[in-house]
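Subject: The structure we talked about

Hi,

Here is the structure I promised to pass on. Have a look at it first, and then read on for my notes.

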Amino acid sequence: MDMDRLKAQFDDALKTAGVSSLVNQQLSQFLDVGDFVFVEVVLDDASLQEAAEKAVKEFVDKQTRLGQRIDYIVRSRWNILSVDRSELISVGGVMKAAIPFVARLESGRKIIEVPVWVTFAARLFLESRPLVPGLSEIGLMTAAVKEYLQEQLRLGGTSYWDPSKYPVADLNEAAMLFLARYGPEFYQLKWAIDDYFETVDDENQLKSLVSRRLNLFDFEHGLSEVSSQLGGAIDHSHSTPTSARELFKKLDERERDSLQSYYRRKAARLAVKRRAEFPSLFVDAD
Amino acid sequence: MALSRESLLQTESDAHLRLARLFLMSAVLPADANEAQVRNGLSRAYYALFHFCNALLVYLGVPPKRRSHHRPLNYSVSQHVGVEAMQRLQLFQRRREDADYRTRVLESEYNGDLDRYRAFANASVQEIRDVIVNYEQLIETAKRKVVSSKDSQAVSE
């Protein structure tokens with residue numbers, strides 16, 4: 001069958017199931033791989049995942065009967081709400097020689113809790129190579145867990161991780177080494193961006209940004225705004241940055257690119273939620 | 001004696017990894033790299049990534065015809081690592097094409113400033129190193145899955 005027609009029928013199936021408005025168009029794909037079609041549906045709200053899975057399965061079954069092979073994935077985008085130290089000491093009655101944490105993840109209207117374990121080797125690694133200076137030991141491990149989960153949640157295609165179905169692997173030394181590829185300034189800025197988008201995701205805050213004629217898709221402006229979030233739990237006695245811009249200048253080129261793309265992803269995510277109410281805050285660059 | 005499927009996969013994946021690392025090493029530029037060296041660096045860096053992708057896809061059971069040329073490789077990366085990974089691969093592919101084919105890229109993009117082009121190439125190599133860290137993790141995970149499926153088959157036999 002003609003691919004355009006097949007895709008149109010697929011889109012109709014999602015629409016009929018009432019999930020199409022929550023399909024993330026940037027991350028979803030409909031690929032003609034040659035002798036079969038690969039479909040990945042990424043939802044911005046996991047509460048509709050079951051409905052989407054059902055619709056996709058029915059569509060695929062129908063096409064299979066017609067001789068068209070379709071491999072598919074239906075998954076959701078998850079956002080980390082919080083990571084905290086947990087009291088859990090065993091799994092299924094078995095004591096674990098690792099430090100327990102619990103992560104709260106959100107995808108649209110669905111919120112889940114995921115247990116995460118940090119091995120002692122990872123803890124030692126963080127002691128010798130902290131992601132940023134001045135954080136407490138628990139603060140460092142919490143931050144590392146958050147970073148690690150973010151990396152896992154970014155994977156797409158058949159390598160995706162569904163936190164509502166599969167447990168997270170223990171965080172070991174290799175996982176820490178992976179996080180340590182960026183320097184302290186990078187993480188300070190990244191976390192300030194996290195705090196900033198968390199703060200502005202509020203009716204009054206957004207109204208205030210509108211009155212100041214801000215465009216959240218403008219990274220240069222965003223960087224100035226992020227300065228207000230520098231500080232918090234991080235002790236700046238090692239270096240005293242006065243602005244996000246100053247920190248940004250200390251990054252190497254790959255860190256800058258990575259941070260800019262991180263900022264853009266955060267802004268795009270907020271746009272999914274708030275663009276309808278506040279269109280002037282999310283104006284695409286020419 | 002016939003080799004097991006796991007050994008064959010590992011041999012093929014390791015061969016891609018070896019080439020990927022060789023290319024990555026050769027992409028590192030001396031401080032006074034000339035234009036040809038900068039162009040070669042960008043080109044080799046892309047091919048390092050090309051082979052890292054192949055090293056992963058071997059373990060995922062993707063046949064050579066779906067990974068040994070640029071276009072099918074893009075599709076396979078999109079299928080197995082996601083749209084964003086495919087877009088990154090395409091970005092480095094475009095840089096490689098510019099380095100290999102665009103005769104006036106130094107003049108048109110960098111105003112003839114070799115230092116700027118060199119800095120861009122160094123940053124690009126570093127970006128590829130970051131991406132490769134992700135692939136190394138994925139390769140390890142995929143390899144473990146192949147080995148554990150073999151173990152579980154052995155148990156059930």
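Predicted model: local features only at pLDDT ≥ 70, side-chain atom pairs only at ≥ 80, totals over all residues.

**Salt bridges**

Searching the whole structure over all chains gives 29 salt bridges.

Start with A:R75 and A:E40, whose side chains form a salt bridge at 2.6 Å, N to O. A:R75 sits in strand β3 (residues 70–76) and A:E40 in strand β2 (residues 37–43), so this contact ties together parts of chain A that are 35 residues apart in sequence. Both ends are tucked away: A:R75 counts as buried at 7% relative accessibility, and A:E40 is buried too, at 1%.

Next come A:D45 and A:R109, with a salt bridge of 3.1 Å, N to O. Here the partners are in loops: A:D45 lies between β2 and α2 (49–65), while A:R109 lies between β7 (98–107) and β8 (110–119), so the pair ties together parts of chain A that are 64 residues apart in sequence. The two ends contrast in their surroundings. A:D45 is buried, with a relative accessible area of 4%, whereas A:R109 is exposed at 64% relative accessibility.

A:K146 is partly exposed at 23% relative accessibility, but A:D194 is buried at 5%.

There is also a network of salt bridges to look at, joining A:D201, A:E203, A:K273, A:R274 and A:E277.

Most residues other than glycine have a negative phi.

You'll find A:R213 in the loop between α7 (203–211) and α8 (219–226) of chain A, where A:R213 is exposed, with a relative accessible area of 79%. B:N111 is in a loop as well, between α5 (105–110) and α6 (114–156) of chain B, and B:N111 counts as exposed at 69% relative accessibility.

Cheers

Terms used: Residues numbered from 1 in each chain as written. Chains lettered and ligands numbered in written order. Heavy atoms only, no water. Salt bridge = Lys/Arg side-chain N within 4 Å of Asp/Glu carboxyl O. Helix = DSSP H or I, 4+ residues; strand = E, 2+ residues; numbered from the N terminus. Buried < 20%, exposed > 50% of the residue type's maximum accessible area, 1.4 Å probe, protein only.
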